[in-house]
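Hi,

Here is the structure I promised to pass on. Have a look at it first, and then read on for my notes.

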Amino acid sequence: MAQIEIVEVYQNKKYGNLIPDDPEDEKFLLAGEVAQVDFIISSDAHLLRLEQYKKIKILKPKDFWFLYQGKNGNDDEWKNIFKNIMKI
C-alpha cells in the first residue's frame, strides 16, 4: 500500500518578546498558530502564565480534561483519572 505524506514547511518566526522568561517556548505558540489549534495543553509555567495567545487557550492537562468532559473536577478526581490514563 502506498503511503502519502504531506509536509508544509513554515519559516520559524522569532518574536523574542512573547515569553521573555523562556523565548524557546515561542515555538509552541507559533506552531499552534500555524496549525490553527483551539488549545495548547501544557504544564509549562511560562506558557500557562499567558493563559491565551491570540485565540488559543493555554490550559493545564487537568483543566483541559474537565473542560472536554464538560464538568468541574477536583485534584483528587484528576489524580485518579491520571493514574488510569497512565495505567499506574
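Let me start with a tryptophan: W65 is partly exposed, with a relative accessible area of 27%. Keep in mind that this is a predicted model, so everything below is computed from predicted coordinates.

**The aromatic residues**

In general, an α-helix has 3.6 residues a turn, so residues three or four places apart point the same way. Y68 comes out as exposed, because its relative accessible area is 59% and the cut-off for that class is over 50%.

How many aromatic pairs turn up in a search of the whole structure? The count is 3. One of the pairs is F39 with F64: the ring centres are 5.2 Å apart and the planes sit at 65°, so this pair is edge-to-face. F39 belongs to strand β1 (residues 39-41) and F64 to helix α3 (residues 61-69), so their contact ties together parts that are 25 residues apart in sequence. Both of these phenylalanines are partly exposed, F39 at a relative accessible area of 28% and F64 at 22%.

W65 and Y68 also form an aromatic pair, this one tilted, with 6.4 Å centre to centre and 40° between the planes. Taken together, ring pairs link F39, F64, W65 and Y68 into a cluster.

Which order do the strands take? There are 3 strands in an open sheet, ordered β1-β3-β2, and the pairing is mixed. At the edges stand β1 and β2 (52-53), each with a single partner strand, so one side of each is left without a neighbour in the sheet.

As a reminder, strands of a sheet pair through backbone hydrogen bonds, either parallel or antiparallel. Here you get one of each kind of pairing around β3:

- β1 and β3 (residues 56-59) run parallel and are joined by 3 bridges. Along this pairing, I40 stands opposite I58, and I41 has L59 as its bridge partner.
- β2 and β3 run antiparallel, with 2 bridges between them. In this pairing, Y53 is opposite I56.

The strands β2 and β3 make a hairpin with 2 residues between them, and K54 takes a positive phi there, near 55°.

**Positive phi values**

K54, in the loop between β2 and β3, is exposed, with 54% relative accessibility. Q36 is another non-glycine residue with a positive phi, near 55°. Q36 sits in the loop between α1 and β1, and at 69% relative accessibility Q36 counts as exposed too. Then there is K87, which follows α4 and has a positive phi near 55° as well.

What distance separates the end C-alpha atoms of α4? They are 16 Å apart, which agrees with the 16 Å that its 12 residues should span at 1.5 Å a residue.

M86 is part of α4 (residues 75-86). M86 is partly exposed, at a relative accessible area of 46%. Together with F82 and I85, M86 makes a nonpolar surface patch of about 280 Å².

**Before the first helix**

Finally, V7 is in the segment before α1 (26-35). Is V7 buried or exposed? With 65% relative accessibility, V7 counts as exposed. V7 and V34 are 27 residues apart in sequence, and their C-alpha atoms are 13 Å apart in space.

Over to you!

Definitions and conventions
Residues numbered from 1 in each chain as written. Predicted model: local features only at pLDDT ≥ 70, side-chain atom pairs only at ≥ 80, totals over all residues. Heavy atoms only, no water. Patch = residues over 30% accessible without salt bridge, like charges linked within 9 Å, V, L, I, M, F, W, Y side chains within 5 Å. Areas by Shrake-Rupley, 256 points an atom, 1.4 Å probe, with all protein chains shown as cover. Salt bridge = Lys/Arg side-chain N within 4 Å of Asp/Glu carboxyl O. Helix = DSSP H or I, 4+ residues; strand = E, 2+ residues; numbered from the N terminus. Buried < 20%, exposed > 50% of the residue type's maximum accessible area, 1.4 Å probe, protein only. Phe/Tyr/Trp six-rings, centres within 6.5 Å; stacked < 30°, edge-to-face > 60°. Pairing = 2+ DSSP bridges. Expected span 1.5 Å × (residues − 1).
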